[in-house]
Amino acid sequence: MRPTQTYVEQKFHEYNKLMFSNTLPHIPIRLSNSKTFFGALRFTRQRSPLGKVKYTDFQLVISTLFDHEETEIEDAIIHEMIHLYIYHHHLHDSSTHGPLFRRMMSDINQRFQRHVTISRRLTDQEMQSATTTMESIIGIANHRDGRILLTRCARTRVFEIHRAMKQMSEVSDIRWYVSSDSFFTRFPRTTVGKLYVIDPTLLRQHLSDAKPLQLVLQR
Ligand SMILES: [Zn+2]
C-alpha cells in the first residue's frame, strides 16, 4: 500500500498514545516522493550563544514512491517517532542510532510485536536535517528622528562598525546584543554597518532572550 497523509497522522496519534504515553508533540506530517529514503524526521538544530542545543520545527516525512507492506510503513513511522522522542526530550545518545535508540527500539519490538529496524530497506535520512547556528550579533541605535535602527554583523566587525556608527551625527545610543532568535537572520550581515529601520515592538519581542554585548573599546 501507499500511505496517505490521514493514514500517517492517524498512526502517529495511535502510537503516540500506545507506545510513547502521549508525550510526543503533534508535528506536521508530509508526504514526499523521495527515492532516497522512506521515512525521515526533519528538524532545526539551534545553538544558543551559551552553547545550549535546542531542536525545533520537527516534521515527519514519509515517502510514497514505493509500495510497501502496511507493517513496514507502520514500523518506519515508529522508527521516526523514536527519534522524535529522543530529540524532543533532549535525551543523550552517543550517535543517531546509539544505545538509547536501540534500547527503545527493542523494547517497543518486544512489547508490541513490531519489527522496527535500523536500516536495511527502510532507511531514513535524519542526517539531512537542517543544522543551523543562528547566533546573530545585533547593533541597535536611535536615529535623531525617533526611529530605531538595527545592524547585523560578523563578530569580527563589531568594533569597526561601532566606531563608524559613532561618527554618524544623526545616530545615538548604540548598544550591542548576541541573539539566537532566527528572526534576525533575515537582515543580511553587513561589513559596512548598513542600518535597517525596525519596529520597536517587534524588536522588543525578539530581543527578549538576547544577551547584551559589552564592548571594551581600546583607544
Ligand atoms: Zn533513524
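Domain bounds here come from an automatic or database domain assignment. On that basis the protein is divided into domain 1 (5-131) and domain 2 (136-213), and the C-alpha centres of domain 1 and domain 2 lie 39 Å apart.

This is a predicted model, in which local features need pLDDT of at least 70 and side-chain atom pairs count only at pLDDT 80 or more, while totals for chains, interfaces and linings use all residues. Residues are numbered from 1 along each chain as its sequence is written.

**Confidence**

The predictor's confidence in each residue, pLDDT, runs from 0 to 100. The protein averages a pLDDT of 86, and 91% of the residues score at least 70. Helices (H or I, at least four residues) and strands (E, at least two) are DSSP runs, numbered from the N terminus. Mean confidence is highest in α1, at 97, and lowest in β4, at 40. Over residues 125-132 the pLDDT is below 50, yet in the model this stretch has 16 contacts beyond near neighbours in sequence; two residues are in contact if their C-beta atoms, placed from the backbone, lie within 7 Å. Where pLDDT is low, the predicted coordinates should not be read in detail.

**Nonpolar cores**

A residue is buried if 20 or more other C-beta atoms lie within 10 Å of its own, exposed if 12 or fewer, and partly exposed in between, with C-beta atoms placed from the backbone. A nonpolar core is a set of buried Ala, Val, Leu, Ile, Met, Phe, Trp, Tyr and Cys residues joined through C-beta atoms within 7 Å. The largest such core has 24 residues, and those touching the most other members are Leu41, Leu60, Ile62, Ile77, Ile78, Met81 and Leu84. At least two residues of this core come from each of α1, β2 (39-47), β3 (53-63), α2 (70-88) and α3. The most is given by α2, with eight residues. Apart from its neighbours within four places in sequence, Ile62 is in contact with Pro3, Val8, Leu31, Gly39, Ala76 and Ile77. A second, separate core of six residues includes Ile137, Ile138, Ile161 and Trp176.

**Helix α3**

With 14 residues, α3 reaches 20 Å from its first C-alpha to its last, close to the 20 Å expected at 1.5 Å a residue; the expected span is 1.5 Å times one less than the number of residues. Its buried residues are Phe101, Met104 and Ile108. Seen down the axis of α3, these fall within an arc of 70 degrees, so they line one face of the helix; the arc is that of the directions from the helix axis to the C-beta atoms. What covers them includes α1 and α2. On the other side of α3, the exposed residues are Pro99, Arg103, Ser106, Asp107 and Gln110.

**Exposed loop residues**

| Residue | Loop | Other C-beta atoms within 10 Å |
|---|---|---|
| Ala154 | between β6 (148-153) and α4 (158-166) | 12, exposed |

Asn22 has a phi near 60 degrees, a positive value in a residue other than glycine. Gln113, which follows α3, also is not a glycine, and its phi is positive at about 50 degrees. Ala154 and Glu135 are 19 residues apart in sequence, and their C-alpha atoms are 9.9 Å apart in space.
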